[in-house]
Each structure stands twice: as structure tokens, then as C-alpha cells.
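Visitor: I have a structure open and would like to go through it. Can you walk me through it?

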Protein chains: 4
Amino acid sequence: MARFQPKNPDYRATSIETFEAQRAMKTLGISISRLEPGEVDLAMDYSANLTQQHGFIHAGVITAGLDNACGIAAFTLMPPATGILTVEFKTNLLAPARGERFAFRATVIKPGRTLTVSEARAYAMHDGVETLIATMSGTLMALAGRPTGPEEIRAPA
Amino acid sequence: MARFQPKNPDYRATSIETFEAQRAMKTLGISISRLEPGEVDLAMDYSANLTQQHGFIHAGVITAGLDNACGIAAFTLMPPATGILTVEFKTNLLAPARGERFAFRATVIKPGRTLTVSEARAYAMHDGVETLIATMSGTLMALAGRPTGPEEIRAPA
Amino acid sequence: MARFQPKNPDYRATSIETFEAQRAMKTLGISISRLEPGEVDLAMDYSANLTQQHGFIHAGVITAGLDNACGIAAFTLMPPATGILTVEFKTNLLAPARGERFAFRATVIKPGRTLTVSEARAYAMHDGVETLIATMSGTLMALAGRPTGPEEIRAPA
Amino acid sequence: MARFQPKNPDYRATSIETFEAQRAMKTLGISISRLEPGEVDLAMDYSANLTQQHGFIHAGVITAGLDNACGIAAFTLMPPATGILTVEFKTNLLAPARGERFAFRATVIKPGRTLTVSEARAYAMHDGVETLIATMSGTLMALAGRPTGPEEIRAPA
């Protein structure tokens, strides 16, 4: 009953591999908790190393999670042997990133041959209560026929 | 010859203190390289721990630098005993974050009693060449009469 | 079973009055088709006078509809005697604005005393098929204790 | 001394023709006042038909001017026989659109084969004083080898 039909039969393995290749995700403690065609949830535990001046998680870290969720969600729908880059995103910060655990949930709004638009929401779990803390809308670009390896560039071509 | 007149005579010390209180900046290796009323430059060295799948610096990390530059630039113009929070920002990624060193340069476009709009640009220094890699426009909010300590919240009130 | 509880018992009359006071809405042929606390739908018929070079409705016109939907949705939740202004918005254009009729549907994501965040989607009705053509996320500001009349300014204070 | 080298020797005629083909620009009273490779200024007179509830020009109208300036600026750098569409834009509203005349000034920040990023600023001229009232950053897409005629679609392909 998926909303989207993946073009890459190995979308799951390819997406996980691309995600795991990002060392920044390891540094920030972000991991995949759910992966479907066009939909991705990421999870992150609180870490004092990632806080801003009030002890909450830094907006840049929240944005990194939202951006990755948007990107991997878009990537699940791209054909094999395709590279991906982020074109732009916008984040609205709605509430303090206060919690023990955070979730970044993205869904593709409009897939495309070249450009895909994703939306994501960030949630904080604090004392058993989940709060919406940030939103993102972003544009991702497919680089057809190019591998996703380190020779690939992350920029509009 | 400053474009802006700070309302806080201690804007420099207050701004540096607020910046230093962000542990995420330490984790990401971002520091202040220039601070004037309404203008801030941050600097960051390359680190393999902050990379995406192609070995370039992750967009979320670039965004963290841009957001902080925008925020501190706005903060330099706020009155004493004022808290600050980020309302929103948008980032365009123009080129891969490939380099040995990165700069985030922000300037206030429109200061305000409640809301301030800042713009920032991120540059990569690679083999002696500086390249514009990303832009940000963002809105910051002053929380008048509130301290900047950890009891403060980062959210629209 | 409304998600939101309006603070202004006359929110309906006040919101409609504010909408009707916008002469640009008359020029663009945009009207209110549904109004609930925190939720607004606007409608617009196709007009050749509003087209871009390919005969579709111009993105600026679509944005005007989205912005108004976001603004009125936020306004329904504000207290009496409050002015409103748009702080910022971002629009993603997903498909050509081709159709006989268009709908702009907004909902408040996060109401606040000072700032409210709304999201909206634009749809085109063409040959009986409805297509999502654009999205917006926007920030609205309440100017407490100020009337909404023409002496009010549309700008961060 | 232009910053950019146009790929279309007829960029001027082609850009003006594309602009003039937009009937919405005539309805809004927006015209080209300056056109260089990668840089465009548009002008608009005040009209009571374009106002919001406080008698200032509606944000959607300001956005239409900014969007067109960004688009035409990008279009001047595209090859012949190329269609253009707007992918996304974000607008910050800084001051009320109060004045007798308005200017929309755009410049290309990053040209590209597929995507181009432009920035624009809107100014109000009121009683001889020019005020910055809004900013935009936007992404434009080139549709290579396609004409700009009415069969073209305004959407990510």
C-alpha cells in the first residue's frame, strides 16, 4: 500500500549504504529507524556535545537530521546508479529541542526525474511527551547515471 | 564607520560568551574569527568526522555555521539582558563543501526590536582558492528582559 | 472538534473583514471558501490576466493566494484588536498552475503569542482532476493591542 | 565589465520577449528598467488595486516582482532555445510596501547548467527616500533544448 513505487529494486540497501557513508551522522548519533519508498524516519539521542547555549540541541544539528531524512526519502525513489545532492531547504523552529530522544520524519511530496521535493518534521520526546519542534521543506536533485561514491559532488551541476 | 550602533556596550563580551556556551560549536570545531556590530565571521577546519557520503562537509554542519553566524550577528545589536532564538532560516547549497577550511560570514540586513533578519554566506578554502558554497537568510527573535541562561527556551513565545 | 480554540469570539467576522479589506484579493479574484479556527481555504478562478509566458497562472499570484491563506489561518487564532503581518514565507513550485480553478488551503502548525507558523498548499483543478501545484511555509506576527486599520504597518516592529 | 558572459548572443531580446509574454506583469504594472547579463531591475508604480488591508502593496505582488527579477536574471545566462521555470523561492518581508514606486533588483549568485540561484531585493520609493522592504533567494531551472512557448510547462520535470 505504499504511496510510491521505487525504481530501484535495491532501494533499501542502496539508501542504507548511502546513509551509513556519512560520517557526520555517526558523529551526531543519528540512525535510520524506518525506511519505506518515499518515507524515512531517523532517530537521535540527546547528547550534551550537541547543545546550544540553553542546553537544548543546536538548530544546526536538528537541521542535519531533517536534511538527511529529506534526502534519503528522496533517494529511495531514484533509479539505480544515481547520485543525490541537496539543492536547498528551509527550516522553521517551533519549540526548544528539549528531550531525551529526537525523531526526524520525512516524506516525499513530489518525486521527479531531476528534482524531488521532500518535507520533514522534527519531534522531541521529553518525559514521555512528543512535541513537534521543527519543520523542513527541501529540494533534492538526482544526478542520473552517476555513482554515489566519493568522487561525486554535492552541488547543482 | 560601523553600519550599526550597538545598544549593549558590552555586546562583544556578551556575544562571545553566548557563542562559547554552545557546546555544539566546540564539537563542530567552529570559532569566531571576526565580530563587529551586526557582522560576524566564523571559521571551521575540515574534519573527516563531519563529512557526508562523498567526503565533503555535511550540509547540516554548514547550516550550523551559517545559523550561528546569523544569530550572533543579530545578537550584537540587541539590548543587554536579552535572549535570542532562531525563528527560521533557508539555505541554498551552491557548491560542494570541499576544502581545508571554511568561513561563515553574516551580516544583519534589518535589525528590529523583536525580529532581526540576517544573511550569511559560507565559503570553502581549497588549495588557496575561496569558493562560495552556500547562502542563508534567517530570522532571529529577541526575548527582551530575559537572561540568556539555560532556563531560556529556544522557541517562539 | 476543532484542533484550535479561538481567543477572539468574533474571529470569523474579524477575519473576513480583514480579508475583504485587501483590494489585491479582489484584483486577483481570490475569495474565502472555508474558514475555521486555524484553517482557511481560498478559491480563485483562472484568468488570462494573471498568466506567465506559458499561459499558466503566475507563481507570484499563486504565492499571493498561499500567503493570504497562511495569514488568515493565523489571524483566526489571534486575540481581538490584534494586527497581523507576514514575516517570511517559502514556496516550492511542484507543477504548472494549469486549470480552471485553484484552491489555497492553509492550516496553523504552531500558534503563538507573538509568532504563528502556518503551512499551505495550492491545488489546480483541471478537467476534473485536482493536482498539488505548490507548497508554502510561513511565519506570521501578531501586533498585540493594535488595530488592523490602515495606520498599521506590515513589517517587523 | 560584466560579471557574467551570456551564452545566448540574443539574451537581451529573448529575455525581454519572455518577460513581455507574461500577462500577469501587465496586470501588476511591472516593467523592465535595466537588463544586463545576470542582473535585472524591474519597476512598478503604486496602484490601489494591489493593496492589502493597510493600504500597502500586497506581499504576493512584491513576491511576483521579486520572482520575475530572479527568473529573468537567470534567463539572461541560459543558452538559446531554453525554457525556464521557478523551482522555489523564499521571501523575507522587512518593512511595509509603502511608496509611490517600487524596484525589484536581482542578481545571479550561482549560474548552472541545470539550476541557477538568484537573489533579489525589493525597494520602496516614498517621499524621495528608498527603503529596502523585502528580500528573495530563489532557484531557477533551465529546460535545455525546449522552447519557451506556451506548450512549455512550469514544473520540475
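This is a predicted model: local features need pLDDT of at least 70, side-chain atom pairs count only at pLDDT 80 or more; totals for chains, interfaces and linings use all residues.

Visitor: Noted. What does the secondary structure of chain A come to?

Guide: Chain A has 3 helices and 6 strands. From the N terminus on, the order is α-α-β-β-α-β-β-β-β. The radius of gyration of chain A is 15 Å, close to the 15 Å from the globule rule for 157 residues, so the chain is as compact as a globular protein of that length.

Visitor: And what does its C-alpha trace span along the principal axes?

Guide: About 45 × 35 × 25 Å for chain A.

Visitor: How many of the 157 residues of chain A count as buried?

Guide: In chain A, 62% of them count as buried. As for contacts in chain A with a separation of 6 or more, 65% are between residues 24 or more positions apart. The accessible surface of the chain is about 5,500 Å², and carbon and sulfur atoms hold 53% of that.

Visitor: How many positive and negative side chains does chain A have?

Guide: There are 15 positive and 15 negative side chains in chain A, with the centres of the two sets 5 Å apart.

Visitor: Switching to chain C. How many residues does helix α3 have there?

Guide: Helix α3 of chain C, residues 59-75, has 17 residues. From first C-alpha to last, α3(C) reaches 24 Å, close to the 24 Å expected at 1.5 Å a residue.

Visitor: Is α3(C) buried or exposed?

Guide: Buried: 17 of the 17 residues of α3(C) are, so the helix is largely enclosed by the rest of the structure.

Visitor: Now F4(B). Where is it?

Guide: F4(B) sits in the segment before α1 (11-20) of chain B. The relative accessibility of F4(B) is 12%, so F4(B) counts as buried, the cut-off being under 20%.

Visitor: What does F4(B) touch?

Guide: Leaving out residues up to four places away in sequence, F4(B) touches P37(B), G38(B), L77(B), V108(B) and P111(B).

Visitor: Last topic, backbone angles. What is phi of A81(B)?

Guide: Near 55° for A81(B), a positive value in a residue other than glycine. Most residues other than glycine have a negative phi. A81(B) lies in the loop between α3 (59-75) and β3 (83-93) of chain B, and is exposed, with a relative accessible area of 52%.

Visitor: What about D127(C)?

Guide: D127(C) is not a glycine, yet has a positive phi of about 50°. D127(C) is in the loop between β5 (115-126) and β6 (129-143) of chain C, and counts as exposed at 64% relative accessibility.

Key:
Residues are numbered from 1 along each chain as its sequence is written. Chains are lettered from A and ligands numbered from 1 in the order in which they are written. Side-chain values use heavy atoms; hydrogens and water are left out. Helices (H or I, at least four residues) and strands (E, at least two) are DSSP runs, numbered from the N terminus. The expected span of a helix is 1.5 Å times one less than its number of residues. Buried means under 20% relative accessible area, exposed over 50%, partly exposed in between (1.4 Å probe, protein chains only). Contact means heavy atoms within 4.5 Å. The radius of gyration is taken over C-alpha atoms; the globule rule is 2.2 Å times the number of residues to the power 0.38. Accessible areas come from the Shrake-Rupley method with a 1.4 Å probe; for residues, only the protein chains shown count as cover. Lys and Arg count as positive and Asp and Glu as negative; His and the chain ends are not counted. The place of a charge is taken as NZ of Lys, CZ of Arg, CG of Asp or CD of Glu.
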